[in-house]
Protein chains: 2
Amino acid sequence: MINQNKVKLPLFDTAKKLEQSARKEQLAFIKTLTASEAAEILTYLENETQFEVLMALDLFFAKQILAHYALDDSLDLLTHLSPTKEEKLFTRIDENAARDIRRFLLFNKKTAGRLITNHVLTFSKEEKVLEVICAIRQTDKKFDTLSYLYVLAENGDLIGVLSIQELLVAEDSEALSEIMLTNMVTITPEADRAEVVLKLKDYNLSALPVVDGQSFLGIITFDDVMDMMEEEQSEDVQRMGGASPLDKPYLKTSVWLIYRKRIFWLLLLFVAEAYTGTVLAHYEETLTQVIALTFFIPLLIGTGGNTGTQVTTTLIRAIALGEVRLRDALKVLKKEVTVGFLLGISLALFALGRSVILGVGINIAAVVAIAAFCIVIWSSIIAALLPLILKKLSLDPAVVSGPFITTFVDGTGLIIYFTVAKLLLDIA
Amino acid sequence: MINQNKVKLPLFDTAKKLEQSARKEQLAFIKTLTASEAAEILTYLENETQFEVLMALDLFFAKQILAHYALDDSLDLLTHLSPTKEEKLFTRIDENAARDIRRFLLFNKKTAGRLITNHVLTFSKEEKVLEVICAIRQTDKKFDTLSYLYVLAENGDLIGVLSIQELLVAEDSEALSEIMLTNMVTITPEADRAEVVLKLKDYNLSALPVVDGQSFLGIITFDDVMDMMEEEQSEDVQRMGGASPLDKPYLKTSVWLIYRKRIFWLLLLFVAEAYTGTVLAHYEETLTQVIALTFFIPLLIGTGGNTGTQVTTTLIRAIALGEVRLRDALKVLKKEVTVGFLLGISLALFALGRSVILGVGINIAAVVAIAAFCIVIWSSIIAALLPLILKKLSLDPAVVSGPFITTFVDGTGLIIYFTVAKLLLDIA
């Protein structure tokens, strides 16, 4: 819920202090408030705190408070609780509200349906401007947005929308049907959250109506979208770093939980990387003959990994923003191979220089330079294609960034290196 | 500017088509519009397109259009143009507007001052509710927000704020001073953009007043903040991938520009990684005696890099969200060392298993396992401290993620590996 309708700004500050108080003090403070005030302040607290407080209060007051929760606040809280806690909380939610909430909890966690709220201004198209203004002025309800008014048909279909300014500047006697906009931007409850962000942003809306067919279900407000953008960003960044995202603030997350979030990916990468050992064992002969080849292993595979990481991060982002689609695959490949060619030449020159400085002889230096060039191009190709392939398979392209591309390029890079070495050095 | 005041939703769609048209068609279309309509649609186009079109139109019409640009739209456009183009565009901006714009362009690119806009409803505290409602109803101006009204003193100081709903539900004869909120959330024009995001989000506001001391300068609206959040996220992700962020959509960025954005970091990492060659050359004797040690080089340094990347991405995010501060350094270190201990044991067991499978003998297997354990702990420590140290030095912690931590851990990991090997295998 947006509190723009009731500008009580220091609420967040009070909530912040409350969050850090002991449970006993939290309860004592909440009990001094009306149910409506308590609901407003509770929604600013962390989900676990909200749950604990609501379960600790007496049943009657807790029910009253939860009756004042906006739909989006209830959905947000329940979405973040464990199934057991979810069911416990439902025992304290009024039957009608519970039915509404359960209906939208049926939608997938990452969809528009989970962000919906429904305290909005709705009118019928025959109503006159002055009547509507008077109606708004006499209400004592709180709304999730006052920026837009929604015009509904008798069967609940959304037939028009108008902004509060359009209402206010219109003539008293005009009917809403004369001033409303009928060519609306809407979203379905099944739509992905990313689509919600794009629509709000692209059309500069502070609230987006949700419809099932034509039927008006509610709206999604910008504040929930901003929270969600931040949540998504956190998850993306952590996934790119090769770990499952943490759900709670870092300092409040236990060592054991952090361990569990990290060990899976770490072991997966370990197992994936383990084949580099097989590759190197395969070239044992070559290594024994020219031990100096070893010196450049970390440098070459590191460079391959860095090149690949640059490419995937750029592409993952471009895909997320809708700038790059599957049909652009060839364009992307062409672009990355060309860039890879330029980068490969530059790095080959540096590799040559580095080898000469290390005094390994011109033959090995040539091997290192050529291998550097080939590895850079190879990892550009792989890194250009992998995110698009994952997208095609409806998987999140973010999982192949950083650690994954590095791991993949490590072993294949070694094969390139030793193949070049065997060809040029004429060894076993 | 938010178009909530005039819900013309398909504007974005028209703009999208226009963006893809030839310049000639763009100009022909713009010429059919009024200056106000043209301004509204132009702001949806890419900055370069806006500039080209505005320079191609005749001077008089271009001036009229730019006079209809909201302050934030002008600032956004000019912020994204090169200095030469900026000065060219200024020749088409009316003197008064230009003075306003130049004033805010003085603020750093990443500050609140660059996001400001000033078409807002301002009133004096003596005005009565009914007068204010009538005034709003009679205006034909477009506002950047209608969600809040700002109450100013005669000297221009901000003394109160109220929401449109608070205005509408108040009694006709009440003065604004009786219903306005005086305990406001504000921001200074010098404040960092990250602070703007936090304030809007934390206090659930759709617009944030900007003040210099008490003096009211304008507001920052949620739509600009959402655009900015996305821009920042793009930059962060790309920086974490070890490349300078692209300013334009990927497919529109030239190969040469992408090359330039990437080569600097790639070479820097290459040079940094090059010392691994020195480390390995130093242990040439050891390697020659036990060639099998080579097999585990990519696996061990890869695992160290992955562990470090997990830690830094988590911390960079926690620092960005304000969850972790400098004073938490010891807590963070303790936590990461403990997690690193658990991860180290797990990975050491896997390393032992892998070595045995590769058939390198129990001695080398023990070396690999112990080295894996030490490297994981070592890279946890480094990765826990580096982001905090950068923060302390007022640098962006995001630069040490992924590629950088990997590079740093590679060489130091090798030293750990060979030290363990020499101690356990009793070799030179």
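**Close-up views of the chain A and chain B model**

**View 1. Salt bridges between the chains.** Between chain A and chain B the count is eight salt bridges, a salt bridge being a side-chain nitrogen of Lys or Arg within 4 Å of a carboxyl oxygen of Asp or Glu. The model is predicted: local features need pLDDT of at least 70 and side-chain atom pairs pLDDT 80 or more, while totals for chains, interfaces and linings use all residues. Residues are numbered from 1 along each chain as its sequence is written, chains are lettered from A in the order in which they are written, and side-chain values use heavy atoms, with hydrogens and water left out. K201(A) and E230(B) form a salt bridge through their side chains, at 3.7 Å from N to O.

**View 2. Polar contacts and composition of the interface.** Across the interface of chain A and chain B, 32 residue pairs are in polar contact, both residues at pLDDT 80 or more. A polar contact is a pair of N or O atoms within 3.5 Å; within protein, one must be able to donate a hydrogen and the other to accept it, and residues adjacent in sequence count only if both atoms are side-chain atoms. Helix 17 (residues 297-320) of chain A gives the most to the side of chain A that touches chain B, with 15 residues; helices here are DSSP runs of H or I with at least four residues, strands runs of E with at least two, numbered from the N terminus. That side of chain A has 74 nonpolar, 32 polar and 25 charged residues. Ala, Val, Leu, Ile, Met, Phe, Trp, Tyr, Cys and Pro count as nonpolar, Asp, Glu, Lys and Arg as charged, and the others, Gly among them, as polar.

**View 3. Area buried between the chains.** About 11,900 Å² is buried between chain A and chain B, and carbon and sulfur atoms give 66% of it. Buried area is the accessible area (1.4 Å probe) lost on putting two parts together, summed over both. In chain A, R137(A), Y250(A) and F270(A) lose the most area to chain B, together 7% of what that side buries. Contact (heavy atoms within 4.5 Å) joins 131 residues of chain A to 131 residues of chain B.

**View 4. Relation of the two copies.** Of the contact residues of chain A, 100% recur in chain B.

**View 5. A salt bridge within chain A.** E48(A) and K85(A) form a salt bridge, their closest N and O atoms 2.7 Å apart. E48(A) lies in helix 4 (residues 47-56) and K85(A) in helix 7 (residues 83-90) of chain A, 37 residues apart.
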